[in-house]
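Work through the exercises below with the model open. Each task is followed by its solution.

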Amino acid sequence: MKKLFSIMAMAAMVFAGTLNANATTTQTMPTNVQSLSTAATVSIIQDEEAASGDENPGFHQALKQRFIEGGPGFMGIVLLCLILGLAIAIERIIYLNLSTTNTKKLAENVEDALNSGGIEAAKEVCRNTKGPVASIYYQGLDRADESIEAAEKAVVAYGGVQMGQLEKNVSWISLFIALAPMLGFMGTVIGMILAFDKIEAAGDMNPSLVAGGIKVALLTTVFGLIVAIILQIFYNYIIAKIDSIVNSMEDASITLIDMLVDYKNKK
């Protein structure tokens, strides 16, 4: 009997363990299924986002694609015009900004130095000041011991030299402004010629034959006009800046001659 009870107890323990294992498995299966479902959902969302990213490329990617479609020949030359034009424009803008001075303050400092310490003191003020106006003042003061007429001639002559320095390389920008759309129009003409060559070779007026050539033609024109517009904005700013500095130089020259006349009369 004892053996029978022992066997029955062991069978009950095995049956209870089996039930617990089945329950654990039953509880684990929904969790695994839920995890697999979540992973599949995330994968589908990522695939949809990637597909939407491919359908809607960014501005840089779209611009790059259009540039390649336009052809490396003329598009490369147009891009070179833009790079060179911007390089010259930025160099001129930096130079002109460094050349801008407060002419009224400079005139006051020169006049005070001229009245207190004479010509040499005024020339020292000009040496310590940057810009074309200070250089013109220095040249006029350097000839002031000779005569007022000599100082005026020196101011006028050196003013022309400084104006040439201000306008240096500006003509290249105007060249690139004219050259970029011309290259674009040339690409347009060549693209149309290629399109008509395809029509002639096929002997049929099929829109698909000429669509590629016309597309290339229009892209070269668009990029050429964009380059010209960008450089034109920089060119107009540079010209306005030069005119402002030249006007300051002319006013400062008149002020210098008046100061020298007053200085001569006081002596």
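**Exercise 1.** Decide whether I233 is buried or exposed.

*Solution.* Start with the cut-offs: buried is under 20% relative accessible area, exposed over 50%, partly exposed in between (1.4 Å probe, protein chains only). I233 has 57% relative accessibility, so I233 counts as exposed. Helices (H or I, at least four residues) are DSSP runs, numbered from the N terminus.

The model is predicted: local features need pLDDT of at least 70, side-chain atom pairs count only at pLDDT 80 or more, and totals for chains, interfaces and linings use all residues. Residues are numbered from 1 along each chain as its sequence is written, and side-chain values use heavy atoms, without hydrogens and water.

**Exercise 2.** Find the residues that make the nonpolar surface patch with I233.

*Solution.* F185, L225, I229 and I233 make a patch of about 400 Å². Helix 9 (residues 207-266) gives the largest share, three residues.

**Exercise 3.** Identify which residues touch the most other members of the largest nonpolar core.

*Solution.* The core is a set of buried Ala, Val, Leu, Ile, Met, Phe, Trp, Tyr and Cys residues joined through side-chain atoms within 4.5 Å. This core has 44 residues; V110, L114, Y137, L141, I238 and L260 touch the most other members. Helix 9 gives the most to this core, with 13 residues.

Key: Patches are made of residues with over 30% relative accessible area and no salt bridge: like charges are joined within 9 Å, nonpolar side chains (Val, Leu, Ile, Met, Phe, Trp, Tyr) within 5 Å. Accessible areas come from the Shrake-Rupley method with a 1.4 Å probe; for residues, only the protein chains shown count as cover. A salt bridge is a side-chain nitrogen of Lys or Arg within 4 Å of a carboxyl oxygen of Asp or Glu. Helices (H or I, at least four residues) and strands (E, at least two) are DSSP runs, numbered from the N terminus.
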